[in-house]
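Biologist: Hey, can you walk me through this one?

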Amino acid sequence: MYRKTQQPKAEPLTRRDKRGIAIVAALVLAGFAAVGIWAAVRPGGYGQSRDGCVTVSTPSSTGGGLLHACGAGARAMCRSAFTHTDQISMLTRPQCRLAGLGPAAVTAPSSPPG
């Protein structure tokens with residue numbers, strides 16, 4: 001009864017098995033490298049402040065957070081940032097300038113003069 005519960009000895013890997021494992025490992029490594037390069041080159045839509053959209057990286061209890069707004073939301077965010085002096089406002093101001101929403105742009109009237 002004891003002999004039935006024992007595991008049989010493992011057979012050594014053949015040259016073909018080793019080659020197959022190496023190929024799979026190389027493909028997995030190449031996949032991780034491709035994802036890493038893609039992530040570095042294309043950070044995503046929240047990557048940069050531009051064209052009326054503002055993205056701000058802020059400190060958070062979990063390490064960091066993103067504030068993102070476009071259009072009217074971005075104008076309101078920038079208007080608030082240029083009227084306050086707290087830490088978030090100070091971090092938001094440079095991003096507003098990058099998005100073309102500096103202090104003059106957010107306070108200017110939206111309708112053409114008369």
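Biologist: Is cysteine 96 buried or exposed?
Modeller: Cysteine 96 is buried, with a relative accessible area of 0%. Buried means under 20% relative accessible area, exposed means over 50%, and partly exposed is in between, using a 1.4 Å probe and protein chains only. Keep in mind that this is a predicted model, where local features need pLDDT of at least 70 and side-chain atom pairs count only at pLDDT 80 or more, while totals for chains, interfaces and linings use all residues. Residues are numbered from 1 along each chain as its sequence is written, and side-chain values use heavy atoms, with hydrogens and water left out.

Biologist: OK, and which cysteine forms a disulfide with cysteine 96?
Modeller: That's cysteine 78, and the two sulfur atoms sit 2.0 Å apart. A disulfide here is a pair of cysteine sulfur atoms within 2.5 Å. This pair links distant parts of the chain, 18 residues apart: cysteine 78 is in helix H3 (residues 72-83) and cysteine 96 is in helix H4 (residues 87-98). Helices (H or I, at least four residues) and strands (E, at least two) are DSSP runs, numbered from the N terminus. Cysteine 78 is also buried, at 0% relative accessible area.

Biologist: Why is the disulfide of cysteine 78 and cysteine 96 left-handed?
Modeller: Because the torsion about its S-S bond is about -95°.

Biologist: How many disulfides does a search of the whole structure find?
Modeller: The search finds 2. Cysteine 53 and cysteine 70 form a disulfide too, with their sulfur atoms 1.9 Å apart. They are 17 residues apart in the chain, with cysteine 53 in strand S1 (residues 53-58) and cysteine 70 in strand S2 (residues 65-70). The torsion about their S-S bond is about 115°, so this disulfide is right-handed.

Biologist: What pattern do the disulfides follow?
Modeller: It's 1-2, 3-4, counting bonded cysteines along the chain.

Biologist: New topic: which residues make the nonpolar surface patch?
Modeller: Val24, Val28 and Phe32 make it, with about 310 Å². Patches use residues with over 30% relative accessible area and no salt bridge, joining like charges within 9 Å and nonpolar side chains (Val, Leu, Ile, Met, Phe, Trp, Tyr) within 5 Å. A salt bridge is a side-chain nitrogen of Lys or Arg within 4 Å of a carboxyl oxygen of Asp or Glu. Valine 24 lies in helix H2 (residues 15-41).

Methods: Areas by Shrake-Rupley, 256 points an atom, 1.4 Å probe, with all protein chains shown as cover.
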